[in-house]
Each structure stands twice: as C-alpha cells, then as structure tokens.
Amino acid sequence: MNDLSILEVKGLRKAFGAVRAVEEISFSVEQGEIFTIIGPNGAGKTTTLEMIEGMQIPDSGTIEVAGMTWDKDAERIKTIIGVQPQSSAMFELLTLEENLALFASFYPHSKSTAEVLEMINLTEHRRKNVKSLSGGQRQRLAIGLAMISDPQIIFLDEPTTGLDPQARRNIWDIVLKLKELGKTTILTTHYMEEAEKLSDRVCIVDQGRVVTLDTPARLIDRLTEEREVRLFFQDGEAAAQDTEQAARQDATVVRTLLEGSALKLWSIRPEETLYGVFGFTKEKGYKVEQVSIREMSLEDVFIAFTGKEWRD
Ligand SMILES: Nc1ncnc2c1ncn2[C@@H]1O[C@H](COP(=O)(O)OP(=O)(O)OP(=O)(O)O)[C@@H](O)[C@H]1O
C-alpha cells in the first residue's frame, strides 16, 4: 500500500453458484480521489462494491481500507466508510431531519444534521416527510445519510440513475463538494458524461475483470492517435473531391471519406492537416463553410474496450 492510497483491492473473486460475478479485480484508490467504476450490465460492479463495504465476503482476494482489513478491524472500518443506503432503508413517515438524526445515532461521532442538510441542499425541506420527496431529493438525502458519520470514503452506487439532467447535476455538485472536503468517493454510474466529468480515474470492468484503468483524459488519448476532421464545402462536391485528392497526398492523413459536399479526413496531426488543406483551398479559391475536429469521448473508450454499445 503506498502512502497515498486509502483503499487497496487485490485479486478479488466472487461466485454465486455457477455465476462468476467477479473474476479478478485489483485496484488501489488514493485519498481524495473520485474513483469511478463503469461497465456493462452484470459486469460485477455492485458485487465489488459490496465486498469492499463488508456486505459480501470475497471467495478470495484481499481488501485493505486505510490499512485495515474486515476480519480484524470491522468496527473501525465502519467508522471511516459511508455507504449510500437504498431508498427502502429510509423512514418514509419521518422527516429528513429525523432520518439524519436516527442514522447519526448509530455512530459514536457524527456531523450535525444542519451541516449535512446544507451540504445536500435540502435545508428548506428538513421538516418534510421522506415520502413527499422527489427522486432527486431522495438521492441527495441518501448521500447525506452516507455522510452523517463524517466518513473518509463514500460509496455511491449509481446515485443518478433515473434522474433528469438537472437533478443529476445537483448530485455532481455534492460529489465535487465532497472532493473539496478531501473525501474519497467511489462511484458507479451508467452515464459516461458523468464519469468523464467527475472522475479523477475511471476503472472499466467487464465480465468480472478490470479491462482498463486511468484518468479519463489518458484513456481517451491512449485510444487513438487519429482524429476525425470534417470540412463542408460551399462550392459543392467537385471542390470537396478535389481537396480530397490533395489531402490524400498528405502524410498526416490516414483515410478520407467523401459524402457529397462534406469531406472527412482522419489525421494523426489534425492541425498540420488543416494547415495543408487550407493552403490548397485558398490557392484554388474554394470556400470552406464548416470545419470541426471530432474529439473522442469516454464512450468511444468504453466501446473499444468492451466491444459493447453504451446503453444510455
Ligand atoms: N446474490 C446474488 N446471487 C446470484 N447472482 C448474483 C447475486 N448478485 C449478483 N449476481 C450476479 O452476478 C453478476 C454480477 O452482478 P453485479 O450486480 O455485481 O453487476 P453490476 O456490474 O453491478 O450490474 P448492473 O450494472 O446491472 O448493476 C450478475 O450476473 C448477477 O446476476
């Protein structure tokens, strides 16, 4: 375990009868990171989280939380981790304040309910019954309940599933606030954009194994050296075709595709390609209406590594 890592998972494996949910999962998480696990349905994300949270016992492998293990230090681990409870664990007929106070009573030390309500932006609803909350408010309360004991590591398993974009962003704000406080967040999500925006590092799992793990930017960079450059010609197809012929001579251009007045070029150095292309179009007097360089996204990385379409 290096000095910075707060969680170290090695060789985790778990089967349910004939179903091998987790085959071999290893990673370490640094203090203060937002670490996101993504993967197709049934990849083993929840099972992995539940083993780390002490709710499932691995068939083999080791888990160290701040240097402690579940078999020796269960009580101490429980005081430094916070797990977002299922909606069903909340008391529907109690108010938000009462739910938080009740959860706080399970721990020797806790944050004040007022502070947590402020953090999850629900202060004005504190006297409402949980029953009357919207989906997004419920999820925020669930994060509040995970935070009540002021844990070092917070586990959020798909906290934004089913929420509308605004409600999702409200959750992102809370996750970022946790980071500002120096907390470590372990997140799973079905939303690529969310993983890309929030995570310090992303771990892609498939069929119970880690297929790749890195920062979103490095994953995207590693994926491909080529960028897709698109040009649209005001003068129509002939100009596009003529430019295509010229671009093919350029060593930075790997492939080309003509679609009417639109020309697509795949380039290993897009800026250099465009410099050459514009030299040519200027010389010929062709007018280029639109130019864009398509950026690769985490979704492209996901598809490349798992061979599966994203189902968002
Ligand atoms: N308690 C259990 N008993 C039997 N099989 C289980 C159990 N829990 C999980 N599984 C199976 O293990 C595999 C991994 O499930 P898991 O829930 O960990 O995946 P996941 O990546 O979280 O999926 P999702 O994205 O759909 O939530 C699945 O095939 C699942 O059906």
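In this predicted model, helix H1 contributes the most to the shell around the ligand, supplying three residues. Helix H1 covers residues 45-52, and strand S2, covering residues 19-30, is likewise an element that provides at least two residues of the shell. The ligand is surrounded by Phe16, Val19 and Ala21, by Gly39, Asn41, Gly42, Ala43 and Gly44, and by Lys45, Thr46 and Thr47. Sorted by class, the residues of this shell are six polar, four nonpolar and one charged.

A helix pair was examined in a separate part of the chain. Two packed helices are described by the angle between their axes and the distance between the axes. For helix H9 (residues 237-248) and helix H10 (residues 270-284), the angle is about 140 degrees and the axes are 10 Å apart. An angle over 145 degrees would count as roughly antiparallel; H9 and H10 are therefore oblique to each other. Their crossing is right-handed. On the H9 side, the contact is made by Asp242, Thr243, Ala246 and Ala247, which meet Val277, Phe280, Thr281 and Lys284 of H10. By class, four nonpolar, two polar and two charged residues take part in this contact.

Across the whole chain, 11 helices and 13 strands are present. The radius of gyration is 25 Å, whereas the globule rule gives 20 Å for 312 residues; the chain is therefore more spread out than a compact globule. The C-alpha trace spans about 75 × 45 × 40 Å along the principal axes of the chain.

How values were computed
Residues are numbered from 1 along each chain as its sequence is written. This is a predicted model: local features need pLDDT of at least 70, side-chain atom pairs count only at pLDDT 80 or more; totals for chains, interfaces and linings use all residues. Axes are lines fitted to C-alpha atoms, for helices over the stretch in contact, and angles run from 0 to 180 degrees between N-to-C directions. Helices (H or I, at least four residues) and strands (E, at least two) are DSSP runs, numbered from the N terminus. Angles under 35 degrees count as roughly parallel, over 145 as roughly antiparallel, 65 to 115 as roughly perpendicular and the rest as oblique. A crossing is left-handed if the near helix is turned anticlockwise from the far one by less than a right angle, and right-handed if clockwise. Two residues are in contact if their C-beta atoms, placed from the backbone, lie within 7 Å. Ala, Val, Leu, Ile, Met, Phe, Trp, Tyr, Cys and Pro count as nonpolar, Asp, Glu, Lys and Arg as charged, and the others, Gly among them, as polar. A residue is near a molecule or strand if its C-beta atom, placed from the backbone, lies within 6 Å of it. The radius of gyration is taken over C-alpha atoms; the globule rule is 2.2 Å times the number of residues to the power 0.38.
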